[in-house]
Amino acid sequence: MLWVNVTNHGKRTVKSDMLMNYSGVNAYQKVHGKWQELTTSATNSSSLIKGLGKMEHNLKPHKTIKNGVIIFTLENRSKVKVEFQKGYNQITARRYFKVK
């Protein structure tokens with residue numbers, strides 16, 4: 001799970017169904033020796049629903065969604081690689097997290 005702020009620096013509104021792609025955050029885990037992209041999932045935890053709900057709105061130009069939540073479904077207990085992108089395939093940061 002990641003708490004995120006997402007800003008639309010473009011000139012067009014980003015539709016809610018495209019927001020996950022636009023956010024530029026992808027997570028991966030090794031499955032059978034190969035990195036596999038993790039899928040996002042939902043939760044019924046009342047403390048997280050507010051953050052998840054923020055990611056379901058259209059994002060107008062030059063506006064920011066603060067404290068949105070992205071939850072990834074883990075495949076196993078191995079470490080998770082998270083990549084942050086600016087634009088198409090332009091990785092700005094990469095972090096590895098241990099699964100507890």
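The following questions and answers concern a predicted model and the reasons behind some of the terms applied to it.

Q: Why is glutamine 29 called buried?
A: Glutamine 29 has a relative accessibility of 0%. Buried means under 20%, so glutamine 29 counts as buried. This residue has its place in strand β2, residues 25–31.

Q: What makes the approach of glutamine 29 to asparagine 76 a polar contact?
A: The side chain of glutamine 29 reaches the backbone oxygen of asparagine 76 at 3.0 Å. The cut-off for a pair of N or O atoms is 3.5 Å, and the value of 3.0 Å for this pair is therefore within it. Leaving aside neighbours within four places in sequence, glutamine 29 is also in contact with other residues, including Trp35, Leu74 and Val99.

Q: Why does glutamate 83 count as buried?
A: The relative accessibility of glutamate 83 is 7%. Since the term applies under 20%, glutamate 83 counts as buried. Glutamate 83 lies in strand β5.

Q: What makes the pair of glutamate 83 and arginine 94 a polar contact?
A: The two side chains come to 2.9 Å. The limit is 3.5 Å, so the pair at 2.9 Å qualifies as a polar contact. Apart from residues up to four places away in sequence, glutamate 83 touches Arg94 and others, among them Gly24, Tyr28 and Ala93.

Q: How do you know that β2 and β5 pair?
A: Five bridges join β2 to β5, residues 80–85. Pairing requires at least two bridges, so these strands, which run antiparallel, are paired. One of the residues involved is valine 25, whose bridge partner in β5 is phenylalanine 84.

Q: What makes β1 and β4 a pair of strands?
A: Strand β1 and strand β4, residues 64–70, are joined over five bridges in the antiparallel sense. At least two are needed, and the two strands therefore pair. Valine 6 stands opposite isoleucine 65 in β4. In β1, residues 2–7, the covered face holds Leu2, Val4 and Val6, whereas Trp3, Asn5 and Thr7 form the uncovered one.

Q: Why are β3 and β6 said to stand at the edges of their sheet?
A: The sheet is open and has four strands in the order β3-β2-β5-β6, with antiparallel pairing. β3 (34–37) and β6 each have a single partner strand, so one side of each is left without a neighbour in the sheet. Neighbouring strands of this sheet are turned by 30° against each other on average, direction ignored. Alanine 93 lies in β6, residues 91–97.

Q: What makes Val82 a contact of alanine 93, and what separates their C-alpha atoms?
A: Contact means heavy atoms within 4.5 Å, and alanine 93 touches Val82, Glu83 and Phe84, not counting residues up to four places away in sequence. The C-alpha atoms of alanine 93 and valine 82 are separated by 8.3 Å.

Conventions. Residues are numbered from 1 along each chain as its sequence is written. This is a predicted model: local features need pLDDT of at least 70, side-chain atom pairs count only at pLDDT 80 or more; totals for chains, interfaces and linings use all residues. Side-chain values use heavy atoms; hydrogens and water are left out. Buried means under 20% relative accessible area, exposed over 50%, partly exposed in between (1.4 Å probe, protein chains only). A polar contact is a pair of N or O atoms within 3.5 Å; within protein, one must be able to donate a hydrogen and the other to accept it, and residues adjacent in sequence count only if both atoms are side-chain atoms. Axes are lines fitted to C-alpha atoms, for helices over the stretch in contact, and angles run from 0 to 180 degrees between N-to-C directions.
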